[in-house]
Amino acid sequence: MIWQSSLPLLVLCSSLLPGLIIFALPESSARIRTTLNLFGAVTKLALVAWMVWDIYQGHQFETRLQFLPNLDFTLQMGPLSVLFVTLSALLWLVTTIYAIGYLEGSPHRSRFFGFFSLCVTATAGVAMAGNLLTFLLFYEMLTLVTYPLVVHRGTEAARQAGYTYLRYTLPGGVLLLIGTVWLYTVTGTLEFTSRGFLQAVDESQHPALIAIFFLLVMGFGVKAALIPLHGWLPQAMVAPAPVSALLHAVAVVKAGAFGVIRIVYDVYGAEFASQLGVTQPLAILAAITILYGSLRALFQDDLKRRLAYSTISQVSYITLGVAIVGPIATIGGLVHLVHQGLMKITLFFCAGNLAETLGIHKISEMRGVGKRMPLTMAAFTVGALGMIGIPPIAGFISKWYLGLGALEVGQSWVVLVLIASTLLNAAYFLPVLYIVWFCEPDHPWCENRHFDNSETNWTLLLPALATAGMAVAAGLLASLPYTPLEWVRFITHNQFYQ
């Protein structure tokens, strides 16, 4: 029993301890650093996999340590937590392999991989937080440990991006802290509870609960890139490709979206939040963000900036599914937490391969590159078509459930938003695919001799192919047990709705 109660803490330590050791390693210790990175990533994934079966049978793993009077530091591994922590553990392993190849020979690798491990530790802490206080601690830790990754290159553009990142995220953290303290003074508790813990609060406190909701959503909305709180994300694209992949697919933006999920379902309860009238404005804000991000993506020639605006749009599908308030829409929003991660990390891996191998950073430079890097661009094509919503790739599943969920609760306007967004997705991805596969190159690419004229280093190619394969498998095999869709159905019907 003591062993089981320690498992969530071991999940944290599997990345925390290797990260702390890596900081002390000299730059020349590449083999030791690689071993520690891979050992930590594999150990974390193994621990999570060990707990999945027991959690499916109804068991919950919990580590509880006294922190403040009447407030504990609590880590819990329940169905919702395991969804997010499995995604982060799996993609951390893949991204670690990618980062080892991407940063080969570059300076400050011990610093990079140290903060890289701390970033994943904070993300796992966010996933496993059992109350809002623990969530807040790891959420702010995530802000601090991702800043050195954003500014890793040390250029003026990187420093400016880091400044912008902090200028958005630190005030967001202040709003979150104010909302958390206010909520505690009203309720006397911050423990996450299935279907929320605020229904019994006196009706006279409802105006305060409404104000608290918007404070918390604004705090989480910075990292979730809800407009007008999204401005840091395109600027952060100066970071190395593994960092961009981590920011968009696993860590920062997903932590913000996961925070919105926690607030709506585990603090307020979806039905009670709807009764307060706070979910409809959230749904409208998410819809506006979806369309705005897609429109801005249309006009970006820089590939990573186009992908960044795509993230602003795509992550808001999660918020939209949560805010519609219905079991089918909830399934669509929650499963997109995983599906978007698989597709977006594939796209950023491919963008990094283009930059590292051929020096390509802009879409206008990608003419005919499919002939030079066919496997990389095949993976990119899978990610792009999945974002549009083409079956059988995972993105189709998300949009299908969101549309059905909207119709289920009489929110037919959401279907129009999804159609418009899909058309915009096609408008900014299909021209890229056309020039990649059907146009002839019109300029010489600056090839990196390190790769010896092969497509690219295998440590860069295999992660992109692996995550593209996962995105296809998550769509094709969606109805099988333990797939993201089936796990989200389990969460929705056992935790959020009777």
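# Chat about a predicted model

Me: Where does Gln 76 sit?
Reply: Gln 76 is in strand β2, which covers residues 71-77. Keep in mind that this is a predicted model.

Me: Is Gln 76 buried or exposed, and why?
Reply: Gln 76 is buried, because its relative accessible area is 13% and the cut-off for buried is under 20%.

Me: Which side chain joins Gln 76 in a polar contact?
Reply: That of Glu 62. The two side chains are joined by a polar contact of 2.5 Å.

Me: What else does Gln 76 touch, leaving aside neighbours within four places in sequence?
Reply: Besides Glu 62, Gln 76 is in contact with Gln 60, Phe 61, Arg 64, Ser 81, Met 128 and Gly 130.

Me: Which residues of α2 are buried?
Reply: Arg 33, Leu 36, Asn 37, Gly 40, Ala 41, Lys 44, Leu 47, Val 48, Met 51, Val 52 and Ile 55.

Me: Why might residues three or four places apart point the same way?
Reply: An α-helix has 3.6 residues a turn, so residues with that spacing face the same way.

Me: What does Leu 38 touch, not counting residues up to four places away?
Reply: Leu 93, Thr 96, Ile 97 and Ile 100. Leu 38 and Ile 100 are 62 residues apart along the chain, and their C-alpha atoms are separated by 9.8 Å.

Me: And what follows α2?
Reply: Gly 58 follows α2, and its phi is positive, near 105°.

Me: Which residues have a positive phi although they are not a glycine?
Reply: His 108 is one of them, at about 60°. Arg 195 is another, at about 65°. Most residues other than glycine have a negative phi.

Me: Where are His 108 and Arg 195?
Reply: Both are in loops. His 108 is between α3 and α4, and Arg 195 is between α6 and α7. His 108 is partly exposed at 41% relative accessible area. Arg 195 is partly exposed at 23%.

Me: Backbone again. Which peptide bonds are cis?
Reply: The bond from Ile 227 to Pro 228 is cis, with omega near 5°. The bond from Pro 391 to Pro 392 is also cis, with omega near 5°.

Me: Where do Pro 228 and Pro 392 lie?
Reply: Pro 228 is in the loop between α7 and α8. Pro 392 is in the loop between α16 and α17.

Me: Now α16. How do α14 and α16 cross?
Reply: Their axes come within 8 Å and cross at roughly 145°. The crossing is left-handed.

Me: Which residues make that contact?
Reply: From α14, they include Met 343, Leu 347, Cys 350 and Leu 354. From α16, they include Met 377, Phe 380, Gly 383 and Met 387. The residues of the contact divide into nine nonpolar, six polar and one charged.

Me: Where is Val 432, and is Val 432 buried or exposed?
Reply: Val 432 is in α18, residues 413-438. Val 432 counts as buried, at 2% relative accessibility.

Me: And Thr 289, buried or exposed?
Reply: Buried, at 0% relative accessibility. Thr 289 is in α12. Not counting residues up to four places away in sequence, Thr 289 touches Ala 225, Leu 226, Ile 227, Ile 312, Ser 313 and Ser 316.

Me: Last one, α5. How many of its residues are buried?
Reply: 15 of its 19 residues, so α5 is mostly covered. At the start of α5, a side-chain oxygen of Asn 131 reaches to within 3.2 Å of the backbone nitrogen of Leu 133.

Key
Residues numbered from 1 in each chain as written. Predicted model: local features only at pLDDT ≥ 70, side-chain atom pairs only at ≥ 80, totals over all residues. Heavy atoms only, no water. Buried < 20%, exposed > 50% of the residue type's maximum accessible area, 1.4 Å probe, protein only. Helix = DSSP H or I, 4+ residues; strand = E, 2+ residues; numbered from the N terminus. Polar contact = N/O pair within 3.5 Å; in protein donor to acceptor, adjacent residues only side chain to side chain. Axes fitted to C-alpha atoms, helices over the stretch in contact; angles between N-to-C directions. Left-handed = near helix turned anticlockwise from the far one by under 90°. Contact = heavy atoms within 4.5 Å. Nonpolar A, V, L, I, M, F, W, Y, C, P; charged D, E, K, R; others polar.
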